[in-house]
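Welcome! Please take a look at the sequence and the model shown here, and then read on for a short tour of two places in it.

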Amino acid sequence: MEEIKIHTASDLGKMRLSGKLAKQTLDYIEPYITSGTTTDEINRLCHDFIVSHGAIPASLNYKGFPKSVCTSVNHVVCHGIPGVYKLKEGDIVNVDVTVILDGWHGDTSRTFLVGKCTKLANTLVDVARQALAVGISATKPYGHFGDIGKAIQRFVDGYGFSVVRDYCGHGIGQAYHDAPCIVHFDSLASGPQLLPGMFFTVEPMVNAGTYKTKCLKDGWTVITCDKSLSAQFEHTIAVTETSVEVLTA
Ligand code: MF3
Ligand code: CO
Ligand code: CO
């Protein structure tokens, strides 16, 4: 199995800066998430913000991804490609931003509500936000990666929603996607130990219906098999000797 990297205090300093810029990009884009905005406009605004802060949008051309951020609307689970689609009242949209600053990656996403949404959409987005918090609370130095998904699935199941199994969190640092793969469901395995100096993401995708997903023919857009709504939040975190630090908070 691929080794999980242990980073230094100076690496952590750089990750704090990239994490902060990724978070600031989401703060910046939030007021633009309104009815009538196209997902391409969201992409362009995020791209310009990232570049103007001396960073590189990590998703642009990553394995051929054509845009700088992912915009995943309604039943799109993740990796939505920005385009001509105009947001409309009642939509939910996840914006997933990853920056490379001074060689280090910061990866974070939030799901935004467009105007007034259904009760279901509000609840789902709330549960997805809390699922990330629950996963982070379960992350303890010298605990295990398996604790994270166990806690998340127990929480999400309690609402009658489901946790996506096909996509995971990931180690991060100088690489965008590194070992290990952090599953957000209870895989019944304890997994590797969480050690100081590890950097990774937690990014549970929560569906209103089935956890099953499929990828569209564009090779990127992932949707729920039953077209039910899907919401996601993501943070990049670092394990320290005594706790965990959320770098994109
Ligand atoms: N940011 C996504 C993640 O959380 C990955 C997007 S890859 C892309 O890991 F190529 F679709 F941008
Ligand atoms: Co990620
Ligand atoms: Co991401």
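A polar contact is a pair of N or O atoms within 3.5 Å; within protein, one must be able to donate a hydrogen and the other to accept it, and residues adjacent in sequence count only if both atoms are side-chain atoms. This is a predicted model, where local features need pLDDT of at least 70 and side-chain atom pairs count only at pLDDT 80 or more. Residues are numbered from 1 along each chain, and side-chain values use heavy atoms, without hydrogens and water.

Let us begin with Asp 226. Asp 226 sits in the loop between strand S12 (222–224) and strand S13 (230–232); strands are DSSP runs (E, at least two residues) numbered from the N terminus, and helices are runs of H or I with at least four residues. Leaving aside neighbours within four places in sequence, Asp 226 is in contact (heavy atoms within 4.5 Å) with Gly 209 and Thr 210. Because its relative accessibility is 38%, Asp 226 counts as partly exposed, a class between buried (under 20%) and exposed (over 50%), using a 1.4 Å probe and protein chains only.

Here are two distances for this residue:

| From | To | Distance |
|---|---|---|
| Asp 226 side chain | Thr 210 backbone nitrogen | 2.8 Å |
| Asp 226 C-alpha | Tyr 211 C-alpha | 9.1 Å |

Now for a pair of helices. The axes of H1 (residues 9–29) and H2 (residues 39–52) come within 10 Å and cross at roughly 140°. Residues making the contact include Leu 21 and Tyr 28 of H1, and Ile 42 and Phe 49 of H2.

Definitions and conventions: Chains are lettered from A and ligands numbered from 1 in the order in which they are written. Axes are lines fitted to C-alpha atoms, for helices over the stretch in contact, and angles run from 0 to 180 degrees between N-to-C directions.
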